[in-house]
Amino acid sequence: MRGNIGQLMQQAQKMQENLQKAQEDLAKIEVTGNAGAGMVSVTITGRMECRKVRIDPSVITDPEMAEDLIAAAFNDAVNKVNAESQARMSAATAGMPIPPGMKLPGMF
């Protein structure tokens, strides 16, 4: 029994190291979300910091449409970061039984 606890502790430490590395790597990525067939694009980091917004000049003439497209592009980028985060965290915890829906410390 004692060996099993030691092995479990080693697995937990390895998983913690993997999670930390995945979080560091994720923070460095940049993802671009698009809306309106590319008329608006928003680039954010893995930490959800906005890096760039590009708006086609034709969108500026309709402020309401511009607002909707900016929001949609931002939401698209956030969804992409969340998907990438989930994929990286799943890879980092491979082999460890984690209940579905459980958020680990530091997950975005």
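Three strands make up an open sheet in this predicted model, ordered β1-β2-β3 with antiparallel pairing. Strands here, like helices, are DSSP runs numbered from the N terminus (E and at least two residues for strands, H or I and at least four residues for helices), and two strands pair if DSSP finds at least two bridges between them. β1 and β3 sit at the edges, each pairing on one side only. Neighbouring strands of the sheet are turned by 15° against each other on average, direction ignored; axes are lines fitted to C-alpha atoms, for helices over the stretch in contact, and angles run from 0 to 180 degrees between N-to-C directions. As a general point, strands of a sheet pair through backbone hydrogen bonds, either parallel or antiparallel.

A word on the ground rules. Residues are numbered from 1 along each chain as its sequence is written, and side-chain values use heavy atoms, with hydrogens and water left out. Because the model is predicted, local features need pLDDT of at least 70 and side-chain atom pairs count only at pLDDT 80 or more, while totals for chains, interfaces and linings use all residues. The pLDDT is the predictor's confidence in each residue, from 0 to 100. Its mean over the chain is 86, and 84% of the residues reach 70 or more. Confidence is highest in β2, at a mean of 98, and lowest in α1, at 83.

On to β2 itself. Six of the six residues of this strand (residues 40-45) are buried, so β2 is largely enclosed by the rest of the structure; buried means under 20% relative accessible area, exposed over 50%, and partly exposed in between (1.4 Å probe, protein chains only). Val40, Val42 and Ile44 point one way from the strand, Ser41, Thr43 and Thr45 point the other way, and all are buried. On one flank, six bridges tie β2 to the antiparallel β1 (residues 30-35), with Glu30 standing opposite Thr45. On the β3 side (residues 50-55), five bridges make the antiparallel link. There, Val42 faces Val53, and the bridge partner of Val40 is Ile55.

At 86% relative accessibility, Ala37 counts as exposed. In the loop between β2 and β3 lies Met48, another non-glycine with a positive phi, this one of about 65°. Met48 comes out as partly exposed, at 29% relative accessibility.

Helix α2 lies across β1, β2 and β3, running at about 140° to β1. α2 has 30 residues and reaches 43 Å from its first C-alpha to its last, close to the 44 Å expected at 1.5 Å a residue (the expected span is 1.5 Å times one less than the number of residues). Its buried residues are Ala66, Leu69, Ala73, Ala77, Val78, Val81, Ser85, Met89 and Ala92.

The largest nonpolar core has 14 residues, and those with the most contacts inside it are Val40, Ile44, Val59, Leu69 and Ala73. A nonpolar core is a set of buried Ala, Val, Leu, Ile, Met, Phe, Trp, Tyr and Cys residues joined through side-chain atoms within 4.5 Å. The elements giving two or more residues to this core are β1, β2 and α2 (63-92), and α2 gives the most, with six. Leaving aside neighbours within four places in sequence, Val40 is in contact (heavy atoms within 4.5 Å) with Gly33, Asn34, Ala35, Arg54, Ile55, Val59, Leu69, Ile70 and Ala73.

Apart from this core lies another, of five residues, among them Leu19, Ala22, Met89 and Ala92. Ala22 is found in helix α1 (residues 2-28) and counts as buried at 8% relative accessibility. Beyond its neighbours within four places in sequence, Ala22 is in contact with Arg88, Met89 and Ala92. The C-alpha atoms of Ala22 and Ala87 are separated by 9.7 Å, although the two residues are 65 apart along the chain.
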